[in-house]
Amino acid sequence: MTDPDIIDAMIQQVRDQCPGLAIVDEAWFAAPIDNFDDQTPAALIYLAEDSASGDMETIRPTQRITLSYGIWLVCKRPDFRPQRHAIRQALFGHVFTERHDATAYRGGQTTDIRGELIWWREFWNVDTWLRGTQ
């Protein structure tokens with residue numbers, strides 16, 4: 001079975017299309033942290049979950065799945081709206097491979113505000129197929 005995860009491609013797309021971000025990388029935390037020492041604005045991306053969208057086809061083992069990616073946008077207040085907009089421009093409707101449907105926005109929220117830093121997290125869905133080796 002081929003792993004349908006596109007985390008590396010998603011990170012590269014945001015890096016290429018969002019030059020105003022100081023850091024674009026894979027997230028190393030699941031909740032806001034007290035001492036965020038990296039440069040901002042930062043976009044930190046992770047595979048949040050995947051879920052089956054239907055029953056497995058048994059003749060040729062395949063199953064539709066939805067990959068959900070989370071993005072932490074950590075930035076100072078003046079950078080927030082422009083960087084959030086840039087990320088959305090980079091991802092909305094983007095097709096990463098011929099095996100993946102277009103990227104769709106699922107939603108976002110302010111998770112924390114710590115001093116001058118806003119912690120925004122949003123989620124993006126990509127539908128694809130798990131395919132067996134037969």
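A polar contact is a pair of N or O atoms within 3.5 Å; within protein, one must be able to donate a hydrogen and the other to accept it, and residues adjacent in sequence count only if both atoms are side-chain atoms. This is a predicted model, in which local features need pLDDT of at least 70 and side-chain atom pairs count only at pLDDT 80 or more, while totals for chains, interfaces and linings use all residues. Residues are numbered from 1 along each chain as its sequence is written, and side-chain values use heavy atoms, with hydrogens and water left out.

Q: What makes the pairing of Asn-125 and Ser-68 a polar contact?
A: Their side chains are joined at 2.7 Å, which is within the 3.5 Å limit.

Q: Why is Asn-125 called buried?
A: Buried means under 20% relative accessible area, exposed over 50%, and partly exposed in between (1.4 Å probe, protein chains only). Asn-125 has a relative accessible area of 19% and is therefore buried.

Q: What makes Cys-18 and Cys-75 count as buried?
A: The relative accessible area is 3% for Cys-18, and the relative accessibility is 0% for Cys-75. Both values fall under 20%, so each residue is buried.
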